[in-house]
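Subject: Structure handover

Hello,

Here is the structure we spoke about, with notes on what was found in it. Please read the notes with the model open beside them.

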Amino acid sequence: MRLVITNARVIDPTQKLDQVTNLYIARGRIAGTGNEAPEGFTPDQEIDGTGKWILPGLIDLQARLGEPGSHYAGSIASETQAAVAGGITSICCPPDTSPVNDSQAVTELLQRRARQAATAFVMPIGALTQALKGERLSGIYSLKQAGCVALSQANNPIQNSLTLKNALEYTVSHDMVVMLRSENKQLKNDGVAHSGPVSTRLGLPEISPSAETTALARDLILVEEAGIRAHFSQLSCARSIEMIAEAKKRGLPVTCDVAIHQLHLTEMDVLGFNSLFHVSPPFRSMQDKQALLMGLKTGVIDAVVSDHTPLEKDDKLLPFGESIPGISGLETLLPLLLKLVQEYDLDLMTAIRSVTESPAKILGLKTGSLEKNQPADLCILDPEGFWTLDPQEMVSEGKNTPFKGWEFVGKVEQTFFQGRPVYRNPNL
Amino acid sequence: MSSRLSSPNIQLNELGKLHHFLTLEGLKQHHLVEILDTAESFINPNTNEIKKVPVLRGKSIMNLFFEPSTRTRTTFEIAEKRLSADVSSLDIQTSATKKGESLLDTLWNLQAMQANMFVIRHAQSGAAQFFAQHVAPDVHVLNAGDGQHAHPTQAMLDMFTIRKHKGDIFDLKIAIVGDLLHSRVVRSQIQALSILEAREIRVVGPKTLMPESPEALGVHVYHDMEEGIKGVDVIIMVRLQNERMTSALIPSEKEFFKLYGLTEARLALAKPDAIVMHPGPINRGVEIDSAVADGPQSVILEQVTYGIAVRMAVMSIIMSNAAQLTQYKTEQASLELDENSTLKVNLEEK
Amino acid sequence: MTELNINVDTLIEEICAQLQQKTILSQSPKMIGIRTGGEWVAQKLHEKLAFSDPLGVIDISFYRDDFSKIGLNPTTKPSDIPWEVDDQHIILVDDVLFTGRTTRAALNEIFDYGRPASVTLVTLLDRKGCRELPFQADIVGMSLECNKTIKVTGPEPLKVTIVDPATLNSKEEIA
């Protein structure tokens, strides 16, 4: 199908493009941008993009898709639907499925289910160790062959330093990026909230920032020694950002991301014991949040993720400390990012880059772009569209979001995946 | 938009009176004073015994202890029976599963048995509030201790004890010695003392037993015992639990006693008429010397009696407020009816 | 609006005279006043009759039968009976006897302290014909019609105010 979207503001960080122009799609790929159609192009369909923006389909480096296994809500079908409702067309799925994705079989299952859903591109992240236990290595080569784009331990960081060192050294030869969540389990000490005035008042078991920073320090050194490309996931402390900046200055091939909700909420939001605000890593202090935002503005933080964790209602209907941490965040990744642009002085190009060009680069891919011949993965946004979040109206099966009632400016109208429309906003 | 801005005080009913008793946070001085004053009425001034009164006859109170505690549960049972209420108690062992169904379903099944009030003790901070948010509107929840968060009745009986001996909490200097980090009792005591405008609240103990930001509670932290209890009017010793030794928070009971144990020599540093309190059970030779625990300045044994009276006070106040709210609503409803019928009359006259 | 000249002191004298006729007076009776009005009346009687044992005071808030409707009185104070109730002859004093429910509550409370040998009920004023329970006073200062509402203020001076509901005005005080 040949499609032209006319007169829209096309924003593409990979081409440093921000221009009102036309965009042409043919045979599932971008045929070009510009006021003149490419040679021999006659559209079957024309969409008037006046007043709208076109963004590359977002790439989310961390989103759980509910299967295989039943400890998360939803399925690949439902959650990829949720993704495209949020303008996201490529999703990295962490290995904490059930069974754990430490084998070719599970990787292929994920890809098969994704192909059946045919809604978005699912990129499995393989488990670095078997069953994520942090002891024996997974079959790294098989995982790579099967199509894993990266390796990680999800939320089960390897505690034993020797094991981590060996795992990194082994992986180097396979040229795969390792995503590491830095957390020292003993320092975490079964805490559930950031150690600060709120945890003090509420008597919630505390998590000191040192749980993250000491682990990060160790991880950075081991990463440097192994010479591996490492990506640090979901950082939450100001000090962590300093350490990454330092590492980058020394020339280490490291990148990092932050969960979008960490850029909006702090420990103060935990004050009512509302388990919708229970996340891991926890919401930290205002100073930490400001450091994260600054890190994003200056490029120390490369990418922003949703850390999508769809949960059943019962998993949150518990006292704070017993509830499962996590937010159903696919549909609020882009809106919350745009809010930072609108209200917190984040540069638009930087914001879009953090969910398109940068994640692609981190994975060593060339996607996240609207360049000619790229797959036509894109979303059309109404930048003035005003809406309020109602969890019950969310597409995801997980309704666990603390952003209920938040007002947003900027509405995804349509999303295309490989040139096919896969989402149309029902409230148009 | 964030949770803290949007939650009204779930403990108070529409008339601003106590409906649940979950924590002292968010309560005003008059709420606390009402409890203390009402508690007086339950004590026979001549014998110091707790009276039995028929006030809650026909009301049903259920004690749900998810965290076992014979002492506290027995105290509550005695208080409830002294109010002539129907009492039942359940010791519920929390199962390993974390499914919401079992917790809330347990509650809803119990509610079907027509309890007017649940007294709940649970290992999770915030559990009492969680229950309060899910009970029917005419059911009341009383927090008997939730995780490390709050133990409001204990704090109130401690305030009652102080008031008995010192007249008023206003302008007093109090030192609380021991484990603040893990203690819901201390958190609640600090809140009570704040609301009642104590002049100075000191917390004394090793750094490992202090939370990250004690200033957030409005207390002065002392790591030196001698400095900490100098010139205070009240000393509250808090129990040191065994688990603290195993996680390298303090080396041993012996060392704790050397540094923080309340001996007669240390007691002499406080005001000469200072009183010594302990929520119990006491560890002799760990927090406190036997000589002091049994000495003339110790009011530890009285705290038990007062505990029953204070709990009786909280329960009767809550039930009383519920009765008055119902009465108020009935009156409002009939006023509206009157207005409507007046309106009708006017229309007819036209 | 208001009517009757009620001289409280005269009533007190009357009651004392009647009490002196009773045999229990020679049996070391103990006096209990019902808070608050009954307590004030009892204080006057207690002084006039020069009882040696201290005056007992009971607050019936926890014994009322209308708790489910009106809850607790915010000014509840502890009851104080500073002697053993068992085998005592008790003189129970109230200011106004109306429906009889206060008396019922007071008796219940006294019996929770012990088993008295006898209870003699004394009331300053009796609103005749208003009884809802079968109680009558042994000694009455003065009887009134049921439809008058009475307000007692004190302790010094001890005054009785009568409110006539027909006129919807309260304020007359008569000493």
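Predicted model: local features only at pLDDT ≥ 70, side-chain atom pairs only at ≥ 80, totals over all residues.

Seven residue pairs are in polar contact between chain C and chain B, both residues being at pLDDT 80 or more. The count of salt bridges between these two chains is zero.

Next, the contact between chain B and chain A. Here 30 residues of chain B are in contact with 28 residues of chain A. Of the two pairs of chains that touch, A and B have the most contacts. Chain B and chain A bury about 2,500 Å² between them, with 58% of it on carbon and sulfur atoms. Seven residue pairs are in polar contact across this interface, again with both residues at pLDDT 80 or more. On the chain B side, helix 1 (3–6), helix 4 (100–111) and helix 5 (127–134) each supply at least two residues. That side of chain B divides into 10 nonpolar, 13 polar and seven charged residues.

How many salt bridges are there across the interface of chain B and chain A? The rule finds one. It is formed by the side chains of B:Glu25 and A:Arg201, at 2.3 Å from N to O. The side chains of B:Glu25 and A:Arg201 are also joined by a polar contact of 2.3 Å. B:Glu25 lies in the loop between helix 1 and helix 2 (29–40) of chain B. Leaving out residues up to four places away in sequence, B:Glu25 touches B:Asn9, B:Gln11, B:His149 and B:Gln191 as well as A:Arg201.

As for the remaining pair, chain A and chain C do not touch, and their nearest C-alpha atoms are 31 Å apart.

Within chain A, one helix pair may be worth a look. Helix 4 (residues 161–172) and helix 7 (residues 210–226) of chain A pack at an angle of about 35°, and their axes are 9 Å apart. The crossing of helix 4 and helix 7 of chain A is right-handed. From helix 4 of chain A, the residues in this contact are A:Ser161, A:Leu164, A:Lys165, A:Leu168, A:Glu169 and A:Val172; they meet A:Arg218, A:Asp219, A:Leu222, A:Val223, A:Glu225 and A:Ala226 in helix 7 of chain A. By class, the contact of these two helices has six nonpolar residues, one polar and five charged.

Over all chains, the structure holds 40 salt bridges. One of them is between the side chains of A:Lys361 and A:Glu357, at 4.0 Å from N to O. A:Lys361 and A:Glu357 are separated by about one helical turn, because they are four residues apart in helix 13 (residues 357–362) of chain A.

Last, some points about the backbone:

- A:Ser98 and A:Pro99 are joined by a cis peptide bond, with omega about 10°. A:Pro99 sits in the loop between strand 7 (88–93) and helix 2 (104–117) of chain A.
- The peptide bond from C:Glu156 to C:Pro157 is cis, and its omega is near -5°. C:Pro157 is in the loop between strand 6 (149–153) and strand 7 (159–163) of chain C.
- A:Lys16 is not a glycine, yet it has a positive phi of about 50°. A:Lys16 belongs to the loop between strand 1 (3–12) and strand 2 (17–26) of chain A.

Regards

Conventions
Residues numbered from 1 in each chain as written. Chains lettered and ligands numbered in written order. Heavy atoms only, no water. Polar contact = N/O pair within 3.5 Å; in protein donor to acceptor, adjacent residues only side chain to side chain. Axes fitted to C-alpha atoms, helices over the stretch in contact; angles between N-to-C directions. Left-handed = near helix turned anticlockwise from the far one by under 90°. Contact = heavy atoms within 4.5 Å. Nonpolar A, V, L, I, M, F, W, Y, C, P; charged D, E, K, R; others polar. Buried area = accessible area lost by both parts, 1.4 Å probe.
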